[in-house]
Amino acid sequence: MNKNELVKNSLGYDTNLWVYQDKKMFNYSVDTILLANFATINSKTKKVLEVGTNNGALSIFLSERYSKMKIDAIEIQKKAVQIAKLNIKENKKEKQINVIEYDFKEYWKNQNRNQSDKYDLIICNPPFYMVENHKKRKGNEWIEIATHEIKMTLEDLIKGSTKIIKQKGYLTIVEATERLVDVFETLRKYKFEPKRVQMIHPRTFQKSNLVLVEARFNTGYGTKFLNNIYLHPDSNLNDHTYLPKVKKLYKPLNFEKGEKYE
């Protein structure tokens with residue numbers, strides 16, 4: 001991988017983390033950061049799977065929350081895997097994060113065959129858009145695969161997760177808000193119960209475009225809706241700076257230091 005083809009970006013605020021990114025491919029954004037801090041991390045969170053790691057940004061940020069976690073980060077796109085491995089090495093995360101080139105639909109089957117240990121947490125920033133809503137970006141298959149359900153659907157993710165997650169394990173995702181009913185229906189179909197939900201809005205007067213959802217496998221009912229997250233000030237539509245609450249979440253909340261998601 002030639003670093004000269006990539007752009008180096010900081011990962012979060014006031015951290016020593018950063019990632020190389022190919023601007024022609026899917027790049028991390030606010031949903032990556034919010035998802036990483038939204039996920040429940042506790043002393044039992046030892047084995048984690050990220051599905052569709054792309055350049056590794058989510059796994060790298062997440063790893064800062066608990067040093068005892070081991071993360072398997074799988075990705076189907078070869079070039080993205082190469083960039084992710086570079087970023088893992090440059091952030092000195094080789095002992096904590098293992099990047100694997102694999103199709104998730106085959107990965108969970110292989111894990112089952114090998115009777116591998118199941119995961120405490122599965123986390124994913126999945127493709128938001130169904131194929132029938134596919135707006136082809138000519139010549140950019142990387143973006144298409146990352147944003148549309150070409151290689152993996154929401155149901156593929158949830159169905160496969162049931163086979164490799166521990167009882168009462170956590171499945172945590174960020175989705176387009178317009179697909180929230182799809183998320184709830186599919187989770188319950190496969191014995192996941194939505195436990196925490198949080199809407200993300202650009203501004204207080206604008207509708208939610210993203211939603212964070214945390215579900216648990218084979219557990220009782222009961223869903224908690226957290227306070228909405230508003231990203232930008234209302235005063236100026238051209239002002240895309242983040243509000244203080246969002247800026248606070250741009251640094252990993254470290255479990256070992258007692259830092260909690262609010």
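How many bridges join S3 to strand S4, and do they run parallel or antiparallel? S3 and S4, the latter covering residues 70–75, run parallel and are joined by 5 bridges; strands count as paired if DSSP finds at least two bridges between them.

Before going on, the conditions. This is a predicted model, in which local features need pLDDT of at least 70 and side-chain atom pairs count only at pLDDT 80 or more, while totals for chains, interfaces and linings use all residues. Residues are numbered from 1 along each chain as its sequence is written, and side-chain values use heavy atoms, with hydrogens and water left out.

The protein chain has 8 helices and 11 strands. These are DSSP runs numbered from the N terminus: helices are H or I with at least four residues, strands are E with at least two. Of the 262 residues in the chain, 54% are buried, meaning under 20% relative accessible area with a 1.4 Å probe, protein chains only.

Back to S3, residues 47–51. Of its 5 residues, 4 are buried, so the strand is largely enclosed by the rest of the structure. On the S4 side, Leu49 has Asp72 as its bridge partner. S3, helix H2 (residues 57–63) and S4 form a right-handed β-α-β unit; right-handed means that, with the strands pointing away from the viewer, the path from the first strand over the helix to the second runs clockwise.

S3 also pairs with strand S6, residues 119–124, in the parallel sense over 4 bridges. There, Glu50 stands opposite Ile123 of S6.

Conventions:
Buried < 20%, exposed > 50% of the residue type's maximum accessible area, 1.4 Å probe, protein only.
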